[in-house]
Amino acid sequence: MITVVGGAGRVGVTTGAMILLRDLDDVMLIDIKPNAPQGEALDLNHMTAVLGISRRAYGSNDYKDMAGSDVVIVTAGFPRKAGQTREELLKVNADVMKQVADNIKEYAPNSKVLVLTNPSDAMTYVMYKKLGFPRERVIGFSGILDSPRLAYYASVKLNISAASIQPIVLGMHGENMFPAPRLSTVGGVPLTSLMSQKDIDEIVKQTINAGADIIKLRGYSSNWAPAAGLALMAEAIKKDQRKVYIVSAYLNGEYGYRDVIAEVPAVLGRNGIEKILELPLNEEEKKGLDKSISAVRDLINALPPEYK
């Protein structure tokens, strides 16, 4: 079973739907809102009945019902509001992560944990520290959203399918992320060889501002793309696909960094992160990544001691 904590929220219930649509496993939606996860589960079960899918959704207000889950997806927390930075969410959501971690340790101690809650790098760090699980079992979500956003904007410029682009975005999830156009390729050809510098600068800016742009346009943050990414991560783990995705991982020497969370390419399989891949960065790219990692460290350093 796959549990979604925060399952009655917009991202949580969309994630549950994506998991069911991909026929991965039964889904447990856990949320503090009375009756809300039960209602969402009922609607999802009607959806699967319409589509002829045999998986079931369940809703609960009690963490004990996550027992036996091998994947726990954490979307719980306060959402980012218009004009609000991810950094402003820091202290508010750190306490949520601590509470969720305590319950995961009790009821799903063998699970792989995927963290979406913003600011996701810092919240993944809090979750990792509070769970005490091996680092490969605590994975931040954000890279699997940021990198396809780069692919989308590049695909519009190049008039090709986004699926033909292998995008690379590293470092922090947020305004200090580091898109890497030279390492992002189409059929092995770098984007920097296919696009003008003006177009490169434009798609990098669009990628960085994507989340804020969505909030400005519709008044709340994205849910469809994050849910799709979470479902793909869960699928790679459940099916031991050993697929490479960009995810937020706890680094222990990779790229020269320690005790920090960062978006990096990694192999996802049965054990969670099976391997972290180190890309051949040039001097300029390493400086860009250093700046991005520094921004993550600033967030981590701003956490109260009890969350580290």
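Which residues does Ile 104 touch, not counting residues up to four places away in sequence?

## The nonpolar cores

In this predicted model, Ile 104 touches Met 66, Val 72, Val 74, Pro 109, Ser 111, Val 113, Met 127, Leu 131 and Phe 133, with residues up to four places away in sequence not counted. Ile 104 also belongs to the largest nonpolar core, which has 87 residues. Within this core, Ile 73, Ile 104, Leu 114, Met 123 and Met 127 touch the most other members. Another core, of 14 residues, lies apart from it; Leu 150, Ala 154, Met 177 and Ile 200 are among its residues.

In soluble globular proteins, nonpolar side chains tend to be buried together.

Strand 5 comprises residues 112-115, and both of its faces are covered.

Strand 5 pairs with strand 4 (residues 71-74) in the parallel sense, over four bridges. In this pairing, Ile 73 stands opposite Leu 114. Strand 5 also pairs with strand 6 (residues 138-140), again in the parallel sense, over three bridges. Here the bridge partner of Val 113 is Val 138 in strand 6.

## An antiparallel sheet

Strands of a sheet pair through backbone hydrogen bonds, either parallel or antiparallel. The model contains an open sheet of three strands in the order 7-10-11, with antiparallel pairing. Strand 7 (165-166) and strand 11 (189-190) are the edge strands, each of which pairs on one side only.

Strand 10 (residues 185-186) is joined to strand 11 by two bridges, and the two strands run antiparallel. Val 186 has Val 189, in strand 11, as its bridge partner.

Is Ser 147 buried or exposed? Ser 147 lies in helix 5 (residues 143-158). Its relative accessibility is 6%, so Ser 147 counts as buried, the cut-off being under 20%. Leaving aside neighbours within four places in sequence, Ser 147 is in contact with Pro 167, Val 169 and Ile 246.

Leu 21 is located in helix 1 (residues 10-21). Leu 21 has a relative accessible area of 45% and is therefore partly exposed, since this class lies between the 20% limit for buried and the 50% limit for exposed.

Conventions:
Residues numbered from 1 in each chain as written. Predicted model: local features only at pLDDT ≥ 70, side-chain atom pairs only at ≥ 80, totals over all residues. Heavy atoms only, no water. Core = buried A, V, L, I, M, F, W, Y, C linked by side-chain atoms within 4.5 Å. Buried < 20%, exposed > 50% of the residue type's maximum accessible area, 1.4 Å probe, protein only. Contact = heavy atoms within 4.5 Å. Pairing = 2+ DSSP bridges.
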